[in-house]
Amino acid sequence: MILQRKRFLLFILPVVGLLSIGTAHSQPLSNDSLSLSAIIKEVVQNHPMVKKAMEDLNTSDAKIGIAQSGYLPNIDFTTAYSRIGPISQITLPDLGTFSLMPKDNYSATVNVNQTIYDFGKTDKNVLFEKQGKN
């Protein structure tokens, strides 16, 4: 008797399961948060080839920026210190002692270099990098 119940259940459970699957597909899901266009958008954004293409575009933008840096001035700042010794001195009676030069020497320079005309070299480099991006 128990054996017959187990066989009956083993037969009925798969049949009920198959019937319930058929009814579930016939009813529309109203609370489904994903649509086909949203799924396609997610797949395209996360595809490795698309990510590589986006990184290539970022790299090309950086190369264009480097090529355009030829238009900018080159500025540098330099400082120096030196101590000179022995220092020559002159002694004048009733006036005191005078040194001919200072012992400590300081210097600071600011250099600005601007290219006035490079015969179109920078323009060609920028154009070449823009074509590479395209």
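This section describes helix packing, salt bridges, a nonpolar surface patch and backbone geometry in a predicted model. Residues are numbered from 1 along each chain as its sequence is written, and side-chain values use heavy atoms, with hydrogens and water left out. Local features need pLDDT of at least 70 and side-chain atom pairs count only at pLDDT 80 or more, whereas totals for chains, interfaces and linings use all residues.

Helix H3 (residues 48–68) packs with H4 at an angle of about 175 degrees, and their axes are 8 Å apart. Helices are DSSP runs of H or I of at least four residues, and strands are runs of E of at least two, numbered from the N terminus. Axes are lines fitted to C-alpha atoms over the stretch in contact, with angles running from 0 to 180 degrees between N-to-C directions. H3 and H4 are therefore roughly antiparallel (an angle over 145 degrees).

Three salt bridges were found in the whole structure, each defined as a side-chain nitrogen of Lys or Arg within 4 Å of a carboxyl oxygen of Asp or Glu. Lys133 and Asp61 are joined by one of them, at 2.5 Å from N to O. Because Lys133 belongs to H4 and Asp61 to H3, this pair ties together parts that are 72 residues apart in sequence. Lys133 is partly exposed, at 32% relative accessible area (buried is under 20%, exposed over 50% and partly exposed in between, with a 1.4 Å probe and protein chains only). Arg83 pairs with Asp104, their closest N and O atoms being 2.7 Å apart; Arg83 lies in strand S1 and Asp104 in strand S4, 21 residues apart. Within H3, Asp56 and Lys52 are four residues apart, about one turn of the helix, and their side chains meet at 3.1 Å, N to O.

A nonpolar surface patch comprises Ile84, Ile90, Leu92, Leu95, Phe98, Leu100 and Met101, with about 630 Å² of accessible area together. Such patches join nonpolar side chains (Val, Leu, Ile, Met, Phe, Trp, Tyr) within 5 Å, using residues with over 30% relative accessible area and no salt bridge; areas come from the Shrake-Rupley method with a 1.4 Å probe. Phe98 lies in strand S3 (residues 96–99).

Most residues other than glycine have a negative phi, and most peptide bonds are trans. The bond from Gly85 to Pro86 is cis, with omega near -10 degrees. Phi is positive at Asp94, near 70 degrees, and at Phe119, about 60 degrees.

Definitions and conventions
Patches are made of residues with over 30% relative accessible area and no salt bridge: like charges are joined within 9 Å, nonpolar side chains (Val, Leu, Ile, Met, Phe, Trp, Tyr) within 5 Å. Angles under 35 degrees count as roughly parallel, over 145 as roughly antiparallel, 65 to 115 as roughly perpendicular and the rest as oblique.
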